[in-house]
Amino acid sequence: MSGYKTMPQQDYYEILGVKRDATPDEIRKAYLKLAHKYHPDRTGGDKVAEDKLKEINQVYDTLKNPEKRAQYDRFGAAGEQFAGGGGGFEGFGGFGGFGGGGGPGGGGFESPFEDFFDVLFGRGGPGGAGGRRRAATPGNDLEVRVAVTLREAAFGTKKTVKIARQEMCSECGGSGAAPGTQPQTCPDCGGTGQVRRAQGFFSISQSCAKCRGTGRIVSKPCARCNGLGRVRVQREINVDLPAGVDTGSRLRVAGEGEPGDGGGPRGDLYIYIEVLPDEIFIREGNDVICEVPISFVQAALGATLRVPTLRGEAELKIPPGTQSGQLFRMRNQGVPDLRGYRQGDEIVKIQVETPTKLTREQRDLLEKFQAATDHQAYPLQHRFQEKLKNVRSSE
(Lines give C-alpha, C1' and ligand atoms only; values in the text may rest on other atoms or scores of the structure.)
Protein backbone atom coordinates (compact mmCIF):
# COMPACT_ATOMS: atom_id res chain seq x y z
CA MET A 1 0.00 0.00 0.00
CA SER A 2 1.35 3.42 -0.94
CA GLY A 3 2.72 5.45 1.95
CA TYR A 4 2.58 2.59 4.43
CA LYS A 5 4.73 3.03 7.54
CA THR A 6 5.32 0.39 10.16
CA MET A 7 4.28 1.61 13.60
CA PRO A 8 5.03 0.11 17.00
CA GLN A 9 2.57 -2.49 18.19
CA GLN A 10 2.96 -1.69 21.90
CA ASP A 11 0.53 0.82 23.38
CA TYR A 12 1.76 4.33 22.55
CA TYR A 13 1.20 5.62 26.06
CA GLU A 14 3.19 2.72 27.52
CA ILE A 15 6.06 3.48 25.13
CA LEU A 16 6.31 7.05 26.46
CA GLY A 17 5.58 5.95 30.02
CA VAL A 18 2.55 8.19 30.53
CA LYS A 19 -1.11 7.65 31.41
CA ARG A 20 -3.81 7.75 28.74
CA ASP A 21 -5.16 10.99 30.18
CA ALA A 22 -1.72 12.66 30.21
CA THR A 23 -1.64 16.35 29.33
CA PRO A 24 0.22 17.53 26.20
CA ASP A 25 2.93 18.97 28.46
CA GLU A 26 3.37 15.63 30.26
CA ILE A 27 3.61 13.84 26.90
CA ARG A 28 6.17 16.36 25.65
CA LYS A 29 8.33 16.02 28.78
CA ALA A 30 8.21 12.21 28.60
CA TYR A 31 9.23 12.33 24.94
CA LEU A 32 12.13 14.71 25.57
CA LYS A 33 13.42 12.52 28.39
CA LEU A 34 13.46 9.45 26.13
CA ALA A 35 14.87 11.42 23.17
CA HIS A 36 17.78 12.53 25.35
CA LYS A 37 18.32 8.95 26.52
CA TYR A 38 18.39 7.35 23.07
CA HIS A 39 19.96 10.19 21.06
CA PRO A 40 23.01 9.03 19.05
CA ASP A 41 25.20 11.62 20.75
CA ARG A 42 24.70 9.66 23.95
CA THR A 43 24.52 6.12 22.59
CA GLY A 44 27.34 6.34 20.03
CA GLY A 45 25.13 5.17 17.16
CA ASP A 46 23.91 1.96 18.84
CA LYS A 47 21.45 0.25 16.44
CA VAL A 48 18.98 -0.78 19.14
CA ALA A 49 18.94 2.76 20.54
CA GLU A 50 18.50 4.13 17.02
CA ASP A 51 15.46 1.92 16.43
CA LYS A 52 14.05 2.94 19.81
CA LEU A 53 14.49 6.61 18.91
CA LYS A 54 12.58 6.07 15.64
CA GLU A 55 9.80 4.37 17.59
CA ILE A 56 9.34 7.12 20.18
CA ASN A 57 9.46 9.78 17.45
CA GLN A 58 6.66 8.07 15.57
CA VAL A 59 4.66 7.73 18.77
CA TYR A 60 5.19 11.35 19.73
CA ASP A 61 4.25 12.55 16.26
CA THR A 62 0.83 10.99 16.85
CA LEU A 63 0.25 11.91 20.48
CA LYS A 64 1.41 15.54 20.14
CA ASN A 65 -1.25 16.20 17.49
CA PRO A 66 -4.77 16.48 19.00
CA GLU A 67 -6.47 15.11 15.87
CA LYS A 68 -4.05 12.21 15.45
CA ARG A 69 -4.24 11.42 19.16
CA ALA A 70 -8.04 11.40 19.06
CA GLN A 71 -7.98 9.03 16.08
CA TYR A 72 -5.46 6.77 17.85
CA ASP A 73 -7.54 6.72 21.03
CA ARG A 74 -10.55 5.73 18.96
CA PHE A 75 -9.10 3.31 16.42
CA GLY A 76 -5.73 2.31 17.86
CA ALA A 77 -2.54 1.79 15.83
CA ALA A 78 -4.40 0.19 12.92
CA GLY A 79 -5.31 3.59 11.51
CA GLU A 80 -1.61 4.44 11.13
CA GLN A 81 -1.34 2.05 8.18
CA PHE A 82 -3.37 4.48 6.11
CA ALA A 83 -1.49 7.60 7.07
CA GLY A 84 0.52 8.18 3.87
CA GLY A 85 -0.05 8.54 0.15
CA GLY A 86 -2.95 10.24 -1.61
CA GLY A 87 -5.55 7.82 -0.23
CA GLY A 88 -6.52 6.97 3.30
CA PHE A 89 -9.66 7.23 5.35
CA GLU A 90 -11.53 10.47 5.13
CA GLY A 91 -11.52 10.80 8.89
CA PHE A 92 -7.69 10.65 8.99
CA GLY A 93 -7.09 13.90 7.17
CA GLY A 94 -4.28 14.96 9.50
CA PHE A 95 -2.07 12.05 8.44
CA GLY A 96 -0.98 13.38 5.03
CA GLY A 97 2.33 12.68 3.33
CA PHE A 98 5.75 12.76 4.95
CA GLY A 99 7.79 14.66 2.45
CA GLY A 100 7.32 18.20 3.76
CA GLY A 101 5.14 20.88 2.21
CA GLY A 102 5.92 19.87 -1.39
CA GLY A 103 6.15 16.10 -0.91
CA PRO A 104 3.70 13.41 -1.86
CA GLY A 105 0.45 13.56 -0.06
CA GLY A 106 0.71 17.31 0.31
CA GLY A 107 0.08 17.26 4.08
CA GLY A 108 3.55 18.38 5.21
CA PHE A 109 5.39 16.35 7.86
CA GLU A 110 6.05 18.00 11.22
CA SER A 111 9.17 16.44 12.73
CA PRO A 112 8.93 15.62 16.45
CA PHE A 113 12.59 16.67 16.66
CA GLU A 114 11.40 20.28 16.68
CA ASP A 115 10.54 20.08 20.38
CA PHE A 116 13.82 18.31 21.04
CA PHE A 117 15.86 21.08 19.39
CA ASP A 118 13.78 23.73 21.14
CA VAL A 119 15.01 22.46 24.49
CA LEU A 120 18.61 21.80 23.47
CA PHE A 121 19.33 24.88 21.42
CA GLY A 122 16.62 27.38 22.22
CA ARG A 123 15.12 27.31 18.69
CA GLY A 124 13.15 25.10 16.37
CA GLY A 125 15.71 22.61 15.11
CA PRO A 126 18.99 22.59 13.22
CA GLY A 127 17.74 24.83 10.48
CA GLY A 128 17.37 27.82 12.79
CA ALA A 129 19.32 31.01 12.36
CA GLY A 130 23.03 30.68 12.89
CA GLY A 131 23.06 26.87 12.84
CA ARG A 132 23.81 24.67 15.81
CA ARG A 133 26.47 25.68 18.30
CA ARG A 134 28.26 23.59 20.87
CA ALA A 135 26.33 23.72 24.11
CA ALA A 136 28.17 24.97 27.18
CA THR A 137 28.77 22.04 29.51
CA PRO A 138 30.13 22.11 33.08
CA GLY A 139 33.53 20.62 33.81
CA ASN A 140 34.15 17.28 35.47
CA ASP A 141 33.84 16.97 39.23
CA LEU A 142 36.83 15.67 41.18
CA GLU A 143 37.00 13.50 44.28
CA VAL A 144 39.63 13.22 47.01
CA ARG A 145 39.72 11.27 50.27
CA VAL A 146 40.98 12.90 53.45
CA ALA A 147 41.91 11.00 56.64
CA VAL A 148 41.38 12.80 59.98
CA THR A 149 41.75 11.85 63.63
CA LEU A 150 38.73 11.46 65.88
CA ARG A 151 39.53 14.73 67.64
CA GLU A 152 39.89 16.56 64.31
CA ALA A 153 36.51 15.18 63.32
CA ALA A 154 35.00 16.25 66.65
CA PHE A 155 36.26 19.82 66.68
CA GLY A 156 36.80 20.60 63.01
CA THR A 157 40.12 21.28 61.36
CA LYS A 158 41.85 22.85 58.38
CA LYS A 159 43.39 20.58 55.77
CA THR A 160 45.43 21.09 52.66
CA VAL A 161 44.48 18.57 49.99
CA LYS A 162 46.52 17.86 46.87
CA ILE A 163 44.70 17.22 43.60
CA ALA A 164 45.66 16.70 39.97
CA ARG A 165 43.29 18.36 37.53
CA GLN A 166 43.03 19.64 33.98
CA GLU A 167 43.38 23.40 33.53
CA MET A 168 43.41 25.73 30.58
CA CYS A 169 46.81 25.89 28.94
CA SER A 170 48.44 29.22 29.81
CA GLU A 171 50.57 29.09 26.65
CA CYS A 172 47.70 29.09 24.15
CA GLY A 173 44.89 30.36 26.38
CA GLY A 174 42.96 27.12 25.90
CA SER A 175 42.71 27.39 22.10
CA GLY A 176 45.12 24.51 21.46
CA ALA A 177 46.84 26.50 18.71
CA ALA A 178 50.46 27.60 18.83
CA PRO A 179 51.01 31.24 19.84
CA GLY A 180 50.45 33.56 16.88
CA THR A 181 48.02 31.16 15.18
CA GLN A 182 44.30 30.52 15.47
CA PRO A 183 42.16 27.38 15.13
CA GLN A 184 40.26 27.16 11.86
CA THR A 185 36.58 26.36 11.44
CA CYS A 186 36.04 22.70 10.62
CA PRO A 187 35.02 22.39 6.96
CA ASP A 188 32.97 19.24 7.54
CA CYS A 189 30.60 20.59 10.21
CA GLY A 190 30.97 24.34 9.63
CA GLY A 191 32.08 24.86 13.22
CA THR A 192 29.04 23.28 14.87
CA GLY A 193 30.87 20.14 15.99
CA GLN A 194 27.96 18.06 14.65
CA VAL A 195 27.07 16.53 11.31
CA ARG A 196 23.63 15.35 10.33
CA ARG A 197 22.89 11.99 8.75
CA ALA A 198 19.62 11.21 6.98
CA GLN A 199 17.50 8.40 8.45
CA GLY A 200 14.52 8.11 6.14
CA PHE A 201 12.46 11.23 6.72
CA PHE A 202 14.46 11.98 9.91
CA SER A 203 17.98 13.35 10.22
CA ILE A 204 20.21 12.29 13.09
CA SER A 205 22.89 14.51 14.62
CA GLN A 206 26.29 12.97 15.32
CA SER A 207 29.60 14.27 16.58
CA CYS A 208 31.87 15.38 13.72
CA ALA A 209 34.65 12.84 13.17
CA LYS A 210 37.04 15.33 11.60
CA CYS A 211 37.15 17.80 14.51
CA ARG A 212 35.95 15.33 17.19
CA GLY A 213 33.04 17.55 18.05
CA THR A 214 35.06 20.69 18.73
CA GLY A 215 34.04 22.53 15.57
CA ARG A 216 37.66 23.62 15.07
CA ILE A 217 40.76 22.32 13.35
CA VAL A 218 44.18 23.12 14.82
CA SER A 219 46.77 23.01 12.05
CA LYS A 220 49.69 24.08 14.25
CA PRO A 221 49.17 22.75 17.78
CA CYS A 222 50.52 24.37 20.93
CA ALA A 223 53.77 22.73 22.04
CA ARG A 224 52.84 22.76 25.73
CA CYS A 225 49.41 21.09 25.52
CA ASN A 226 49.82 19.29 22.16
CA GLY A 227 46.76 21.04 20.80
CA LEU A 228 44.42 19.92 23.56
CA GLY A 229 44.06 23.36 25.09
CA ARG A 230 44.46 21.88 28.56
CA VAL A 231 47.29 20.62 30.73
CA ARG A 232 47.30 18.48 33.84
CA VAL A 233 48.61 20.29 36.92
CA GLN A 234 49.01 19.61 40.63
CA ARG A 235 47.16 21.94 42.97
CA GLU A 236 46.88 22.38 46.73
CA ILE A 237 43.46 23.38 48.05
CA ASN A 238 42.91 24.62 51.61
CA VAL A 239 39.62 23.43 53.07
CA ASP A 240 37.86 23.86 56.40
CA LEU A 241 36.37 20.63 57.73
CA PRO A 242 33.44 21.35 60.06
CA ALA A 243 33.06 19.81 63.50
CA GLY A 244 31.10 16.57 63.52
CA VAL A 245 32.21 14.97 60.26
CA ASP A 246 32.34 11.18 60.19
CA THR A 247 33.58 8.46 57.90
CA GLY A 248 31.58 8.73 54.69
CA SER A 249 30.82 12.44 55.07
CA ARG A 250 31.04 14.24 51.75
CA LEU A 251 31.95 17.92 51.51
CA ARG A 252 31.57 19.99 48.34
CA VAL A 253 34.02 22.72 47.38
CA ALA A 254 32.34 24.61 44.54
CA GLY A 255 34.33 25.51 41.45
CA GLU A 256 37.48 23.55 42.27
CA GLY A 257 36.92 20.84 39.65
CA GLU A 258 37.98 20.87 36.02
CA PRO A 259 37.08 23.62 33.52
CA GLY A 260 33.93 23.30 31.42
CA ASP A 261 33.53 23.23 27.63
CA GLY A 262 32.06 25.97 25.52
CA GLY A 263 32.26 28.49 28.33
CA GLY A 264 30.63 26.17 30.84
CA PRO A 265 31.41 26.50 34.57
CA ARG A 266 34.10 24.58 36.38
CA GLY A 267 33.16 21.35 38.11
CA ASP A 268 33.24 20.90 41.88
CA LEU A 269 35.63 19.16 44.24
CA TYR A 270 34.10 16.54 46.57
CA ILE A 271 35.99 15.59 49.72
CA TYR A 272 35.21 12.20 51.29
CA ILE A 273 36.11 11.89 54.96
CA GLU A 274 37.69 8.88 56.67
CA VAL A 275 38.02 9.06 60.46
CA LEU A 276 41.01 7.04 61.67
CA PRO A 277 40.63 4.55 64.57
CA ASP A 278 41.40 6.02 68.01
CA GLU A 279 43.38 4.27 70.74
CA ILE A 280 41.05 5.36 73.54
CA PHE A 281 37.60 5.93 72.08
CA ILE A 282 35.17 4.09 69.86
CA ARG A 283 32.71 6.33 68.04
CA GLU A 284 29.04 5.40 67.66
CA GLY A 285 27.20 8.20 65.91
CA ASN A 286 27.78 11.32 67.99
CA ASP A 287 28.61 9.33 71.14
CA VAL A 288 32.04 7.98 72.07
CA ILE A 289 32.67 4.90 74.19
CA CYS A 290 35.63 4.63 76.56
CA GLU A 291 36.42 1.40 78.42
CA VAL A 292 37.99 2.12 81.81
CA PRO A 293 39.59 -0.66 83.92
CA ILE A 294 39.28 -0.45 87.73
CA SER A 295 40.33 -2.70 90.61
CA PHE A 296 37.82 -4.99 92.29
CA VAL A 297 38.36 -2.96 95.49
CA GLN A 298 37.30 0.25 93.70
CA ALA A 299 34.32 -1.59 92.27
CA ALA A 300 33.33 -2.91 95.72
CA LEU A 301 33.84 0.28 97.72
CA GLY A 302 33.06 2.87 95.02
CA ALA A 303 35.52 5.49 93.79
CA THR A 304 36.00 8.80 92.02
CA LEU A 305 37.81 8.23 88.74
CA ARG A 306 39.68 10.55 86.39
CA VAL A 307 38.59 9.42 82.95
CA PRO A 308 39.79 10.69 79.56
CA THR A 309 37.46 12.72 77.33
CA LEU A 310 37.90 14.27 73.90
CA ARG A 311 38.56 17.56 75.66
CA GLY A 312 40.95 16.33 78.35
CA GLU A 313 39.95 14.61 81.61
CA ALA A 314 36.85 14.68 83.79
CA GLU A 315 35.79 13.19 87.12
CA LEU A 316 33.39 10.29 87.27
CA LYS A 317 31.97 8.88 90.52
CA ILE A 318 31.08 5.23 90.53
CA PRO A 319 28.96 3.78 93.34
CA PRO A 320 29.89 0.85 95.62
CA GLY A 321 29.08 -2.50 94.09
CA THR A 322 29.80 -1.44 90.49
CA GLN A 323 29.86 -4.44 88.19
CA SER A 324 32.11 -5.16 85.22
CA GLY A 325 30.46 -3.99 81.99
CA GLN A 326 28.34 -1.36 83.74
CA LEU A 327 27.85 1.82 81.70
CA PHE A 328 27.97 5.43 82.89
CA ARG A 329 26.97 8.39 80.72
CA MET A 330 28.84 11.69 80.73
CA ARG A 331 26.63 14.29 79.10
CA ASN A 332 27.89 16.50 76.25
CA GLN A 333 31.35 14.93 76.19
CA GLY A 334 30.95 13.37 72.73
CA VAL A 335 31.03 14.64 69.15
CA PRO A 336 28.85 17.58 68.08
CA ASP A 337 26.18 16.95 65.48
CA LEU A 338 27.31 18.05 62.02
CA ARG A 339 24.16 20.15 61.65
CA GLY A 340 24.58 21.69 65.10
CA TYR A 341 21.47 20.10 66.62
CA ARG A 342 23.04 18.48 69.68
CA GLN A 343 26.22 17.36 71.38
CA GLY A 344 26.93 13.67 71.78
CA ASP A 345 27.79 11.97 75.10
CA GLU A 346 30.65 9.88 76.37
CA ILE A 347 29.76 6.38 77.54
CA VAL A 348 32.19 4.97 80.13
CA LYS A 349 32.22 1.19 80.23
CA ILE A 350 33.66 -0.24 83.45
CA GLN A 351 35.94 -3.23 83.31
CA VAL A 352 36.65 -4.73 86.73
CA GLU A 353 40.14 -6.17 86.75
CA THR A 354 41.01 -9.15 88.92
CA PRO A 355 44.61 -9.19 90.23
CA THR A 356 46.75 -11.93 88.72
CA LYS A 357 49.68 -11.90 91.12
CA LEU A 358 49.22 -11.84 94.90
CA THR A 359 51.67 -11.74 97.75
CA ARG A 360 51.26 -14.14 100.69
CA GLU A 361 49.90 -11.30 102.80
CA GLN A 362 47.35 -10.32 100.16
CA ARG A 363 46.24 -13.93 99.75
CA ASP A 364 45.75 -14.30 103.51
CA LEU A 365 43.67 -11.12 103.64
CA LEU A 366 41.47 -12.28 100.78
CA GLU A 367 40.93 -15.68 102.37
CA LYS A 368 39.87 -14.01 105.61
CA PHE A 369 37.56 -11.73 103.61
CA GLN A 370 36.05 -14.72 101.83
CA ALA A 371 35.48 -16.56 105.10
CA ALA A 372 33.73 -13.55 106.60
CA THR A 373 31.45 -13.02 103.56
CA ASP A 374 28.03 -14.63 103.18
CA HIS A 375 25.97 -15.08 100.06
CA GLN A 376 24.26 -11.72 100.45
CA ALA A 377 27.44 -10.02 99.26
CA TYR A 378 27.12 -11.84 95.93
CA PRO A 379 23.44 -11.61 94.88
CA LEU A 380 24.11 -12.61 91.25
CA GLN A 381 25.99 -15.70 92.30
CA HIS A 382 23.30 -16.54 94.86
CA ARG A 383 20.48 -16.23 92.27
CA PHE A 384 22.38 -18.39 89.84
CA GLN A 385 22.80 -21.15 92.43
CA GLU A 386 19.08 -21.01 93.23
CA LYS A 387 18.20 -21.40 89.54
CA LEU A 388 20.58 -24.33 89.28
CA LYS A 389 18.90 -26.06 92.23
CA ASN A 390 15.49 -25.64 90.63
CA VAL A 391 16.68 -27.17 87.38
CA ARG A 392 18.19 -30.17 89.13
CA SER A 393 15.10 -30.77 91.26
CA SER A 394 12.86 -30.81 88.18
CA GLU A 395 14.90 -33.45 86.39
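Colleague: What is Val348 in contact with, leaving aside its neighbours within four places in sequence?
Modeller: In this predicted model, Val348 is in contact with Cys290, Val292, Val307, Leu316, Gln326, Leu327, Phe328 and Met330. Contact means heavy atoms within 4.5 Å. Side-chain atom pairs count only at pLDDT 80 or more, local features need at least 70, and totals for chains, interfaces and linings use all residues. Residues are numbered from 1 along each chain as its sequence is written, and side-chain values use heavy atoms, without hydrogens and water.

Colleague: What makes a set of residues a nonpolar core?
Modeller: The members must be buried Ala, Val, Leu, Ile, Met, Phe, Trp, Tyr or Cys, joined through side-chain atoms within 4.5 Å. Buried means under 20% relative accessible area, with a 1.4 Å probe and protein chains only. The largest such core has 36 residues, and Val348 is among those with the most contacts inside it, as are Leu269, Ile271, Ile273, Leu305 and Ile318. Apart from that core lies another of 21 residues, including Ile15 and Leu32.

Colleague: How many of the 395 residues count as buried?
Modeller: The share is 37%.

Colleague: Why are β8 and β9 called paired?
Modeller: Pairing requires at least two bridges found by DSSP; 4 bridges join β8 to β9 (residues 269-275), so these antiparallel strands qualify. Strands here are DSSP runs of E, at least two residues, numbered from the N terminus. Arg252 stands opposite Tyr270 in β9.

Colleague: What makes β1 and β8 edge strands?
Modeller: The open, mixed sheet has the order β1-β9-β8. β1 (142-148) and β8 (250-253) each pair on one side only.

How values were computed. Buried means under 20% relative accessible area, exposed over 50%, partly exposed in between (1.4 Å probe, protein chains only).
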